[in-house]
Amino acid sequence: MGVELENSNCTNLVFTYGTLKRGFANHVLLQDLMRTGDAVFKGTYRTLQKYPLVCGPYRVPFLLNMAGSGLRVTGELYAVSARGLDRLDELEGTSCGHYERRPIHLTPAGEEELLPCAAQAYYAHKSYEEEMWKRNGRKGFGVYSEKEAKGYVKRKDRPQNLSFLDHIRIFISHPSD
């Protein structure tokens, strides 16, 4: 559907919108996957529909699966292997309710007249997405940039006595600053 995959092992298209993008804290994982042939950068893409992109605890970005709200989100598209997808799922905590990997439709940024492509994205888990949207004043942003990332705390530097879901629950239960 418009995106050619030059590495036959990399058949899964994944849209990244936050810390996995180039220049951000978790991009090292994608760099590692690219070195081993488990990921290929495809370009800068935008969501076909509007979605809320917000920050949660520690300035962690969350894409909310609430099509029609928010803005069209700009991010990066990667083709990844099954091994690469497993590593991304692990980082995103899909097995423990942090994020859910679900379909999304995209167009190349600046070339919206081209046919959309189907990919996957990591959305905030449905168990807290509505509260995350409310906590952010029902306002999101179109791109996770250095401005939004200011104050981001890497996982290893966060308090270890609570789970990430505990941090999310605390964040959404307190009024915004």
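## Ground rules

A salt bridge here is a side-chain nitrogen of Lys or Arg within 4 Å of a carboxyl oxygen of Asp or Glu. The model is predicted, so local features need pLDDT of at least 70 and side-chain atom pairs count only at pLDDT 80 or more, while totals for chains, interfaces and linings use all residues. Residues are numbered from 1 along each chain as its sequence is written, and side-chain values use heavy atoms, with hydrogens and water left out.

## Salt bridges

With that cut-off, the count is 9 salt bridges. One of them joins Asp 32 and Arg 87, whose closest N and O atoms sit 2.8 Å apart. This pair ties together distant parts of the chain, 55 residues apart: Asp 32 belongs to helix H1 (residues 27–35) and Arg 87 to helix H2 (residues 82–92). Helices are DSSP runs of H or I with at least four residues, strands are E runs of at least two, and both are numbered from the N terminus.

How exposed are the partners? Asp 32 is partly exposed at 24% relative accessibility, and Arg 87 is partly exposed at 27%. For reference, buried means under 20% relative accessible area, exposed means over 50%, and partly exposed is in between (1.4 Å probe, protein chains only).

Lys 156 and Asp 157 also pair up, at 3.2 Å from N to O. Lys 156 is exposed at 64%, whereas Asp 157 is partly exposed at 48%.

Then there's Asp 166 with Arg 169, at 3.1 Å between the closest N and O atoms. Both lie in helix H5, 3 residues apart, or about one turn of the helix. Salt bridges with shared partners also join Asp 32, Arg 35 and Arg 87 into one network.

## One face of H5

Which residues of helix H5 (residues 164–173) are buried? They are Phe 164, Leu 165, His 167, Ile 168 and Phe 171. Looking down the axis of H5, these buried residues fall within an arc of 155° (taken from the directions from the helix axis to the C-beta atoms), so they line one face of the helix. They pack against strands E3 (53–55), E4 (61–63) and E6 (99–108), plus helix H3 (129–135).

## The nonpolar core

A nonpolar core is a set of buried Ala, Val, Leu, Ile, Met, Phe, Trp, Tyr and Cys residues joined through side-chain atoms within 4.5 Å. The largest one has 49 residues, and Phe 62, Leu 63, Leu 88 and Ile 104 touch the most other members. Strand E7 (residues 117–124) supplies the largest share, 6 residues.

Leaving out residues up to four places away in sequence, Ile 104 has contacts including Phe 15, Tyr 51, Leu 63 and Tyr 123, where contact means heavy atoms within 4.5 Å.
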